[in-house]
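Let's take a walk through this protein together, with the sequence and the 3D view open side by side.

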Amino acid sequence: MTEPIGIIAGSGEFPRMAARSARAQGRRVVVCGFVGHTDPALEAEADAFTLLHLGQLGKLIEFMKSQGVREICLAGAVSKPKALDLRPDLRVVRLLFSLRGKGDDAILRALAGELEREGLRVVQASQLVPELRGAAGALSSRQPGEEEWEDIRFGWPIAQTLGKLDIGQALVVRGGIVVAVEAMEGTDETLARGGRLGGKGCTLIKIFKPGQDERLDQPAIGAKTIEVMARHGYACLAFEAGNTLFFEQEKALALADKAGIAVIGLPRDWNGGGDA
């Protein structure tokens, strides 16, 4: 086998997909998950596996180094409300006290720094499954109408500004009004709140936070995203192509077509000109 890959695993299918892809490439897979976040069944996809409490950074590093890992990636979500109930070891306490801000990007950058100081090079998990990266262009049968394009043009720079402030990756708009902003609750809860407040016809904008470390936390959408949007009468999903992970794309787009939801990927440097 080639050099092992360490996977710091959260919830969802991403860690499983990354592990399977790495093993298919002939790599030994070493996985560290977290109690209450990671599916214990993920052990079946790993050559070495452990479950720790969130905040046990010293044990995580010790485990990875004991398995000969020199390259490591982060895959899967961590519930932010649950993350407040972490059990920090001394190393994490020192790390948190050293931070000026406690946003996602600040914490993840600090974590990456700690790992790399221990000789664990942090890489982008999506390199293992590049087919997950959402493509540019209209992906659904229905393209955005003019009202939806107006909302995308209105909301796109706002979403980028919120991302720069390390607040969230998702924004809900309708009729030139910001309806909901993602914070620690996650995209699905933001969608539900936006649907209740904005009614039918809302647009979801999902972007990669400008200036964020691409190795650490890419935005994600999938079939569940579309299911929630359909339930609340959304009209459009605009996401940043190339930097957004699109899970269960075939199923998601079939659901979007059934619900009449327009799905479009826009490049990072899109400036609102034209219709793409």
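## A buried glutamine and its surroundings

Not counting residues up to four places away in sequence, Gln124 touches Cys73, Arg133, Glu214, Arg215 and Gln218. Keep in mind that this is a predicted model. Gln124 sits in the loop that connects β5 to β6 (137–138). Is Gln124 buried or exposed? With a relative accessible area of 11%, Gln124 is buried, because residues under 20% count as buried.

| Side chain | Partner side chain | Polar contact |
|---|---|---|
| Gln124 | Arg133 | 3.2 Å |
| Gln124 | Gln218 | 3.5 Å |

## The open sheet

Next, look for the strands. Five of them, in the order β3-β2-β1-β4-β5, form an open sheet with parallel pairing. Which strands stand at the edges? They are β3 and β5 (121–122); each has a single partner strand, so one side of each is left without a neighbour in the sheet.

Further in, β1 (residues 2–9) and β2 run parallel and are joined by 5 bridges.

Helix α2 lies across β1, β2, β3 and β4, and runs at about 165° to β2. Its buried residues are Leu57, Leu60, Ile61, Phe63 and Met64. Seen down the axis of α2, these buried residues fall within an arc of 160°, so they line one face of the helix. On the face turned away from that buried side, α2 carries the exposed residues Glu62 and Ser66. Just after the helix comes Gly68, which takes a positive phi of about 75°.

Now for the largest nonpolar core, which has 24 residues. Which of them touch the most other members? Those are Ile8, Leu60, Met64, Ile72, Leu115, Leu120 and Val122. Two or more residues each come from β2 (27–34), β3 (48–52), α2 (57–66), β4 (71–75), α4 (90–98) and α5 (104–117). The largest share, 5 residues, is given by α2.

Leaving aside neighbours within four places in sequence, Met64 is in contact with Gly6, Ile7, Val30, Val31, Cys32, Val69, Ile72 and Leu120.

## A second core and helix α9

There is also a second, separate core, made up of 22 residues, and Val172, Tyr234, Ala252 and Val263 are among them. Ala252 leads us to helix α9 (residues 249–259), where Ala252, Leu253 and Ala256 are buried. How do these residues lie around the helix? Seen down the axis of α9, they fall within an arc of 95°, so they line one face of the helix.

What do the buried residues of α9 pack against? Their partners are α8 (223–231), β12 (245–246) and β13 (262–266). The face of α9 turned away from the buried side carries Glu250 and Lys258, which are exposed. Just after α9, Gly260 takes a positive phi of about 75°.

Terms used: Residues are numbered from 1 along each chain as its sequence is written. This is a predicted model: local features need pLDDT of at least 70, side-chain atom pairs count only at pLDDT 80 or more; totals for chains, interfaces and linings use all residues. Side-chain values use heavy atoms; hydrogens and water are left out. Buried means under 20% relative accessible area, exposed over 50%, partly exposed in between (1.4 Å probe, protein chains only). Helices (H or I, at least four residues) and strands (E, at least two) are DSSP runs, numbered from the N terminus. The arc is that of the directions from the helix axis to the C-beta atoms. Contact means heavy atoms within 4.5 Å. A nonpolar core is a set of buried Ala, Val, Leu, Ile, Met, Phe, Trp, Tyr and Cys residues joined through side-chain atoms within 4.5 Å. Two strands pair if DSSP finds at least two bridges between them. Axes are lines fitted to C-alpha atoms, for helices over the stretch in contact, and angles run from 0 to 180 degrees between N-to-C directions. A polar contact is a pair of N or O atoms within 3.5 Å; within protein, one must be able to donate a hydrogen and the other to accept it, and residues adjacent in sequence count only if both atoms are side-chain atoms.
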